[in-house]
Amino acid sequence: MGRLDDDRQATRGKDAGGDVTAPHVGRWPQLIAFLVALILVVAAEMARLQNAGGLGDWLAVFDPDTTLYLPLLIAAIPAWFLVRQRRGTARRAAFRDWLSHRPGTAVVRRGEPAAWLASLFVAAVSLAVSSAVADARVGDSERFGNLPPAYHDEYSYLFQAQTFLAGRLTFPTHPTSPEYFDQMHVLNDDGVFAGRYFPGTAVWMAPFVALGKPYWGHWLAGACAAFFVFWAGRELGGNGVGLLAGLLTAVSPGMALFSNLLLAHHPTLVGLTLFLWAFLRLLRTSSRRDALLAGCGLAFGMLCRPMTAAGFAAPFGV
């Protein structure tokens, strides 16, 4: 009855030449439009998956007209029920307030536990996505996570991590025929046989190489990067921005792929995202602790990929 009364008042206002309130769009048109879009996208993606050689091929060559919208449409299903459940309730209002809050107020300090839970959820999503990519089949049989390293850099970082675990910085070259051991990824000159890259990545990898699970270190690095992106987004625009930015980082196909390659990308991101969050926090607090955290993060990024870290930090330096 209330909706009928609203429609009648809108009609009378139109007849009288006054302002007209836009009619409310009911749930059914929205639901029908959503279902049509979901069916079309799922049908197109299922056909692509059947024609692809496996999940890895399906992710590697995506269709921008459908693949990009599939996760959004799927995520809309629980969001739909979440909004309906909280519509018109104090819980929904509190959730909206939490999404919009930025650090520095008493209200936000009361919401800190929820922010920590959200950041840990983002990190867990990143770990799950990295694990899913590792489990993806390449061809008919082999899992992506069981393939040998694909780039010579990976061999260098593995060798460098093993060198550190042996309590050494270098190994001696072959005493009589060192030229037979010349390789792209090592230094083999003047009696020194060692990895040729900066030590940060190998230091990050060393504990996981010791466990026999080197890729776990890169999964953790991706989770840490998504975790710090959440806190950086929270500094810039509030909890909602942090949650969106963190989740987009966690489900990024590029992040998931590089978390299963033993390259410097992910350990570098740990340092740079820590630097980003701490520097943004420093602008608000002027705290020496935040300055120290930012410096440590940037220093670790420099020890992994110095030019990448320098380019990332240049605007902050200016």
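A crossing of two helices is right-handed if the near helix is turned clockwise from the far one by less than a right angle. Keep that in mind for the first stop in this predicted model.

**Stop 1: H7 and H11**

Select helix H7, residues 112–135, and helix H11, residues 239–250. Their axes come within 8 Å and cross at roughly 10 degrees. Angles under 35 degrees count as roughly parallel, so H7 and H11 are roughly parallel to each other. Their crossing is right-handed.

Now show the side chains at the contact. On H7, pick Ala115, Ala118, Phe121, Val122, Val125, Ser126 and Val129. On H11, pick Asn239, Leu243, Gly246, Leu247 and Ala250. Colour this set by residue class: nine are nonpolar, three are polar and none is charged.

**Stop 2: the largest nonpolar core**

Move to the largest nonpolar core, which has 20 residues. Select Trp231, Phe275, Trp277 and Leu298; these touch the most other members. Next, display the elements that give two or more residues to this core: H7, H10 (214–237), H13 (265–285), H14 (288–304) and H15 (306–317). Which helix gives the largest share? H13 does, with seven residues.

**Stop 3: Phe275**

Centre on Phe275. Leave aside residues up to four places away in sequence, and Phe275 touches Ala294, Gly297, Leu298, Phe312, Ala313 and Phe316.

**Stop 4: another core**

Conventions: Residues numbered from 1 in each chain as written. Predicted model: local features only at pLDDT ≥ 70, side-chain atom pairs only at ≥ 80, totals over all residues. Heavy atoms only, no water. Axes fitted to C-alpha atoms, helices over the stretch in contact; angles between N-to-C directions. Helix = DSSP H or I, 4+ residues; strand = E, 2+ residues; numbered from the N terminus. Parallel < 35°, antiparallel > 145°, perpendicular 65-115°, else oblique. Contact = heavy atoms within 4.5 Å. Nonpolar A, V, L, I, M, F, W, Y, C, P; charged D, E, K, R; others polar. Core = buried A, V, L, I, M, F, W, Y, C linked by side-chain atoms within 4.5 Å. Buried < 20%, exposed > 50% of the residue type's maximum accessible area, 1.4 Å probe, protein only.
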